[in-house]
Amino acid sequence: MNLKFGTDGIRGPVETVITPEACLKIGHATGIVMRELGSETVVIGKDTRISGYMLESALQAGFIASGVNVRLAGPLPTPGVAYLTKTLRNKFGLVISASHNDFLDNGIKIFNENGEKISRDIEKRIEKYIASDLNPVETSKIGKAYRFDESGSRYIEFCKSTVPPDINFSNLRIVLDCANGACYKVTPKIFEELGAEVITIGNDPDGYNINEGCGSTHPEVVKEAVIKHRADYGISLDGDGDRVILVDEKGSILDGDDLLYILAFSNPNRTGPWSGVVGTLMSNYALEDGIKKLGYNFKRADVGDKHVSKMLTDKGWMLGGETSGHIICKDLVSTGDGTIAALKVISSLLLLEKKPSEVLSNFTKIPQVNIAVKVTNKDIVNDKDLKLFLKEISSDITVKRILVRPSGTESKIRIMVEAPEKKVAEKYAKDIEKIIRSKS
């Protein structure tokens with residue numbers, strides 16, 4: 001069984017990759033590594049995919065067979081599981097989710113005792129045991145499973161505690177899109193209990209409609225609702241709640257770059273842990289330029305919130321994120337958390353007594369064109385003809401940045417071209433797409 005960790009855990013189609021057999025092996029292998037590290041209890045959460053019930057049982061069996069006890073948290077945002085892993089003093093926490101993918105996919109994300117994605121060294125140890133035979137411990141040493149019914153309430157109280165007591169949401173009308181995913185129960189309660197009037201959409205999961213025409217990959221849904229209801233903000237989460245896109249009162253869509261700039265702008269302390277901000281290779285060049293003009297250092301990590309988190313840890317900094325909406329506020333959380341990010345952005349704007357457009361008035365992004373090309377072989381990125389063409393484009397002074405990379409979560413190659421003129425970026429992005437399609 002050749003299961004490997006990618007950018008964000010192990011992910012793939014339920015029918016061929018993330019099967020019950022695969023999850024049995026993943027649970028067993030992770031359990032063995034846990035016991036080697038001196039831990040015997042794991043917390044497991046999941047999103048709302050129909051396959052979650054099946055895969056949860058398989059994972060549970062694998063852990064129990066390795067002698068590890070299991071706390072079953074039920075549907076809970078990925079960052080909620082990270083929070084519980086840390087507060088319950090577990091060595092590992094595990095989430096069954098394929099994030100923004102549709103219901104046909106699922107995946108496994110694993111956190112360490114600090115609520116951070118596990119290191120590559122730990123991933124390799126787990127992969128080694130996945131590839132070996134499954135040998136359960138003797139019957140007297142098998143683990144036990146428990147339902148942990150307090151998971152949602154604990155996460156709700158934690159999220160509310162991150163909002164300063166002098167911040168009042170009672171005058172806000174907020175449209176909240178939960179993507180028919182893991183946030184559908186907890187996040188509406190968080191904003192309601194903070195006093196906001198909440199208009200919730202995407203909160204009727206049926207196992208199949210997660211991310212379907214809603215959530216952070218379809219922010220136009222919230223945009224329309226904000227304008228219709230004359231709301232102050234729109235919040236669009238993804239299926240497992242670790243990323244967020246905001247919409248302001250005018251209907252402007254604010255991605256992760258916008259949110260990072262707002263958070264950096266609103267922070268009065270720009271020394272020590274607050275002296276730098278981490279983006280990724282996908283972050284718009286204007287973010288790098290704008291952050292530096294605010295007096296910060298700026299560094300780019302590889303794509304993936306775990307790489308952002310690691311660089312933040314290495315640098316000792318507190319703020320980082322991705323254009324896609326993974327925002328990490330290290331002073332509050334250890335991983336990307338869409339709900340926490342939304343709370344902090346809105347709280348910061350209330351403190352400033354400013355609208356998003358006022359903060360972003362001097363922040364103008366360079367046109368960036370992104371294309372995702374479905375492929376059967378992601379090694380096309382190493383094709384010599386493609387590399388030669390990319391080298392030629394890079395020498396064009398009308399182009400700012402080019403990035404062509406295999407997706408770490410889907411069978412796609414992602415193309416990004418930035419240029420001062422959008423038509424130039426569009427032309428080159430389409431030319432690159434044509435070459436990739438001709439090779440696939």
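**View 1. Helix 1 passes helix 4 in a right-handed crossing.** A crossing is right-handed if the near helix is turned clockwise from the far one by less than a right angle, and left-handed if anticlockwise. The model is predicted: local features need pLDDT of at least 70 and side-chain atom pairs count only at pLDDT 80 or more, while totals for chains, interfaces and linings use all residues. Residues are numbered from 1 along each chain as its sequence is written, and side-chain values use heavy atoms, with hydrogens and water left out. Helices (H or I, at least four residues) and strands (E, at least two) are DSSP runs, numbered from the N terminus. The axes of helix 1 (residues 20-36) and helix 4 (residues 120-130) come within 8 Å and cross at roughly 125°. Axes are lines fitted to C-alpha atoms, for helices over the stretch in contact, and angles run from 0 to 180 degrees between N-to-C directions. Helix 1 is therefore oblique to helix 4; angles under 35 degrees count as roughly parallel, over 145 as roughly antiparallel, 65 to 115 as roughly perpendicular and the rest as oblique.

**View 2. Residues of helix 1 meet residues of helix 4.** Contact means heavy atoms within 4.5 Å. From helix 1, K25, I26, A29, T30, I32, V33 and E36 take part, and they meet I122, R125, I126, Y129 and I130 of helix 4.

**View 3. C23 is found in helix 1.** With 0% relative accessibility, C23 counts as buried (under 20% relative accessible area; exposed is over 50%, partly exposed in between; 1.4 Å probe, protein chains only). Leaving aside residues up to four places away in sequence, C23 touches I18, L55, A58, L59 and I108.

**View 4. Five strands form an open sheet in the order 8-7-9-10-11.** The pairing is mixed; two strands pair if DSSP finds at least two bridges between them. Strand 8 and strand 11 (253-254) are the edge strands, each pairing on one side only. Strand 9 and strand 10 (residues 244-247) pair in the antiparallel sense over four bridges, and G234 stands opposite V247 in strand 10.

**View 5. Helix 6 lies across strand 7, strand 8 and strand 9.** Helix 6 runs at about 165° to strand 8. In helix 6 (residues 186-193), V186, T187, P188, I190 and F191 are buried. These buried residues pack against helix 5 (151-161), strand 7 (173-177), strand 8 (197-201), strand 9 (233-237) and helix 11 (338-352). Helix 6 is followed by G195, whose phi is positive, near 105°.
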